[in-house]
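Dear colleague,

Please find below the structure for your review. My notes on what was found in it follow directly after.

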Amino acid sequence: MRKTLIFCVGILLCTLSVQAQKVGHIHSVHLIDSLEEAKVASKTLRQYEQTLAKTGDEMVASFQLKLKAYQDEAKKGNMTANQQKTKESELEVDQNAIANYRQSMRSSLDKKRQELIQPILEKINKAIKEIGDENKYLFIFDSSIGLLYFPESEDLFGKVMMKLEPKKQ
């Protein structure tokens, strides 16, 4: 009888402790899209991309002009075989420069994106951890990664936004 009573009390305590555990979720993409700081970073990145693209477009336009001039001269027969080879080599150098610039542009954009978003992600993670500690959450899930089911939980979007942008609330 005593063993049964201890067993029942143990089960009851385990059940109560499981029920006391809090689970929360947040949609991180929605959160980032809602942050003013992220909007500014996105605008900055777009402007940087446009600046880089303008330089690339100028390189392509210059190459196309040189190519057309070469084709026109070749059609007229005004160039020797040696001159044609020289012009073709110059065009190939320009074409390689464009390809290298595009690769460099992608690399620069990735680096700039990381540079702009990393501090924002760090702030978000810090805010989520603080909310988790303050409110004693056992788990906080990111619902943007496709959780199909999770037990009843509290959406922490409002709390995180309040911590990140208190003046807006």
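**Salt bridges and accessibility**

Glu130 is partly exposed, its relative accessible area being 27%. Please bear in mind throughout that this is a predicted model.

The salt-bridge partner of Glu130 is Lys126, and the closest N and O atoms of the two are 3.5 Å apart. Both residues belong to helix H4, where they sit four residues apart, about one turn of the helix. Lys126 has a relative accessibility of 54% and therefore counts as exposed, since the cut-off for that class is over 50%.

A further salt bridge joins the side chains of Glu134 and Lys163, with an N to O distance of 3.2 Å. This pair links distant parts of the chain: Glu134 is in helix H4 and Lys163 is in helix H5 (residues 157–164), 29 residues apart. Glu134 counts as exposed at 51% relative accessibility, whereas Lys163 counts as partly exposed at 31%. Through salt bridges that share partners, Lys126, Glu130, Glu134 and Lys163 are joined into one network.

Helix H4 also contains Asp110 and Arg113, which are three residues apart and hence separated by about one helical turn. Their side chains meet in a salt bridge of 3.0 Å, N to O. Asp110 is partly exposed, with a relative accessibility of 47%, and Arg113 is likewise partly exposed, at 39%. Over the whole structure, the search finds nine salt bridges.

**The largest pocket**

The volume of the pocket is about 160 Å³. Sorted by class, the lining comprises six nonpolar, one polar and three charged residues.

**The largest nonpolar core**

Which residues have the most contacts inside the largest nonpolar core? They are Leu31, Leu35, Ile120, Ile124 and Val160, in a core of 15 residues. H3, H4 and H5 are the elements that give two or more residues to this core, and the largest share, five residues, comes from H4.

Leaving aside residues up to four places away in sequence, Leu35 touches Ile120, Ile124, Met161, Leu164 and Glu165.

**Phe141**

Finally, Phe141 is found in strand E2, which covers residues 137–142. Is this residue buried, partly exposed or exposed? Phe141 is partly exposed, because its relative accessible area is 30%, and the class runs between the limits of 20% and 50%. Phe141 and His27 are 114 residues apart in sequence, yet their C-alpha atoms are 8.4 Å apart in space.

With kind regards

Note on methods:
Residues are numbered from 1 along each chain as its sequence is written. This is a predicted model: local features need pLDDT of at least 70, side-chain atom pairs count only at pLDDT 80 or more; totals for chains, interfaces and linings use all residues. Side-chain values use heavy atoms; hydrogens and water are left out. On a 1 Å grid over the protein atoms alone, a cavity is a set of points where a 1.4 Å probe fits but cannot get out, and a pocket is an open set with protein on both sides within 12 Å along at least five of seven lines; lining residues have an atom within 4 Å of a point. Grid points are joined across faces, edges and corners, and a volume is the space filled by probe spheres set on the points. Ala, Val, Leu, Ile, Met, Phe, Trp, Tyr, Cys and Pro count as nonpolar, Asp, Glu, Lys and Arg as charged, and the others, Gly among them, as polar. Buried means under 20% relative accessible area, exposed over 50%, partly exposed in between (1.4 Å probe, protein chains only). A salt bridge is a side-chain nitrogen of Lys or Arg within 4 Å of a carboxyl oxygen of Asp or Glu. A nonpolar core is a set of buried Ala, Val, Leu, Ile, Met, Phe, Trp, Tyr and Cys residues joined through side-chain atoms within 4.5 Å. Contact means heavy atoms within 4.5 Å.
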